[in-house]
Structures are given as C-alpha cells and as structure tokens.
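Opening the notebook on this one.

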Amino acid sequence: MNKWLKTLLFLAGSALLTRFIPFSSLFRNLDTMFHEFGHALMTLLLSGHVLRIELYSDHSGVTYSAIAAGGRAILVSLAGYPLASLFALLLFYLYSRDKRQWGLILASLVALVMLVLYVRGSFGMIWLSGFILLNAAMLFLWPKVSKYYYLFLAFLTLEESVMGTLFLMSASVVTPSRAGDAANLARLTGVPALVWALLFFLFALLCAKWALGCFFRQEQAGRAVRRM
C-alpha cells in the first residue's frame, strides 16, 4: 500500500477510535500545549518576552508575547504548528528507541515550565497540574500500563497536529481574517492565509508519515523478538 495513503488511513482511524476512549477530550490539549510552547520557545530564542499563555477547555490556546516587528514576529507566528508536529514525531521516535519514559518526562517538563512561568488561567493550571501528576503515576506507580498510555498520547497528539492544520485550512477559506497563526502570517507577509495553512498541513502530514514509520518499525522489531 502507498505510504501516504497508509498514513492518511491510520490518521483517520486514530481520529475515529480515540473519540470512543473515555475522557480523551481532555488529553487533546496536549497538542495545544506543545503548540503554544512552540510560540513561547521561539519568542525566547529571539530575545523576546513571553507575557503569558492561555489554555482553554475547547482545546484552543493563545500565547501573548512581546517581540520586535518584522522577521522575528514572522518566526514566532510560524513556530506553533511545526513545533507541535515535531513533538508528535519525537514521541514516536522515542517509542521506536524504547525510551517511552523519556517522552513522558519531556512532556511533563514542558507542562511544568508552562505552569510555573506562563500559564495563569484556572483551566490551564488545573489541566497542566493533572497531566504532570498522571504522568508521574504512570512512571512510578503503574509502569505496566504506561506503554498503552504513552501510545494513546502519541497517537492523539499526532492526529491533532494534522487535524488542527486541516481546520486551519477550512478557516482560511471561510474566514481568512480569523484563521489564527495563518491570519497573523498573512498580515505580516502579504501571503494569503490559505497558503500558510496548506504549508502547515503538508509539514504535519510529512511528520505523521515519519512518525508512523517509527511506530511500524518498532512493532515489527517487537514481533521478531517474540518469535525468537
């Protein structure tokens, strides 16, 4: 089967199946966390100031930062979607290297940094605190189920990283001025929001293809070991 078609089918299957898992909606904020952290990280790398980050129960978020206009502002607006896709890819890469614990530790550290330094809204603070505590429980109290929990987070994050760009493309067509990062980039560069949304989508799809490649290689290796 064509690898791109296989990627699309797995993403569609993941998007469908995860809807049936209880409380899965709460974990969809993980992709938002990585997205907003991407904006914050780029701001800091460019010597800007992160004022605060908001995470909302509808899986949306916003990062308020102070950064010089021009190229730096463009890079900050660019960072969210690609960084979320790369984080999803990293989770699968760590899984393929049998280092799931490092993936949970990394996600927890990102949540801790955001909680301590930037997030002040009640929902965001509660969500980040609960996520950190649950990850700690999986690492130290329930290690036997941590593999399935980790894969749940990885697939959910991967799916959301792609679906988010699809929703952005839709918004760019219907209401371009309200298409989030794509609208910001359109204002900063003059390039239509739909073009930016399409680029985000293609990058997310490429990361998904690589991520699933890591997953399949690990599963094949596991089956080979069990047959020996």
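Below are my entries on pockets and on a couple of backbone angles.

**Entry 1: what I'm looking at**

I'm working from a predicted model, so every value here is computed.

**Entry 2: the largest pocket**

I started with the general idea: rolling a water-sized probe over the atoms shows where empty space is left. I then looked up the largest pocket and got about 840 Å³ of space. Its lining comes to 31 residues, and the closest to the centre are His35, Glu36, Gly61, Tyr81 and Asp181.

Which elements supply at least two residues each to that lining? I noted helix 3 (29-45), strand 2 (61-66), helix 4 (71-96), helix 7 (146-174) and helix 8 (180-189). Helix 7 gives the largest share, with six residues.

I also sorted the lining of the largest pocket by class. I have twelve polar residues, eleven nonpolar and eight charged.

**Entry 3: the second largest pocket**

Next I went to the second largest pocket, where I found about 230 Å³ of space. Ten residues line it, and Lys3, Lys209, Leu212, Gly213 and Phe216 lie nearest its centre. Two or more lining residues come from each of helix 1 (3-17) and helix 9 (193-227). How many does helix 9 bring, as the largest share? I wrote down six residues for helix 9.

By class, I put this second lining down as four charged, four nonpolar and two polar residues.

**Entry 4: serine 47**

Serine 47 turned up, with phi near 65 degrees. I placed serine 47 in the loop that runs between helix 3 and strand 1 (49-55). Is serine 47 buried or exposed? I count serine 47 as exposed, because its relative accessibility is 59% and the cut-off for exposed is over 50%.

**Entry 5: histidine 59**

Histidine 59 also has a positive phi without being a glycine, and I have its value near 75 degrees. Where does histidine 59 lie? I found histidine 59 in the loop between strand 1 and strand 2. Its relative accessible area is 25%, so I put histidine 59 down as partly exposed; buried would need a value under 20%.

**Entry 6: recap**

On the backbone side, I have a positive phi for serine 47 and another for histidine 59.

Key:
Residues are numbered from 1 along each chain as its sequence is written. This is a predicted model: local features need pLDDT of at least 70, side-chain atom pairs count only at pLDDT 80 or more; totals for chains, interfaces and linings use all residues. Side-chain values use heavy atoms; hydrogens and water are left out. On a 1 Å grid over the protein atoms alone, a cavity is a set of points where a 1.4 Å probe fits but cannot get out, and a pocket is an open set with protein on both sides within 12 Å along at least five of seven lines; lining residues have an atom within 4 Å of a point. Grid points are joined across faces, edges and corners, and a volume is the space filled by probe spheres set on the points. Helices (H or I, at least four residues) and strands (E, at least two) are DSSP runs, numbered from the N terminus. Ala, Val, Leu, Ile, Met, Phe, Trp, Tyr, Cys and Pro count as nonpolar, Asp, Glu, Lys and Arg as charged, and the others, Gly among them, as polar. Buried means under 20% relative accessible area, exposed over 50%, partly exposed in between (1.4 Å probe, protein chains only).
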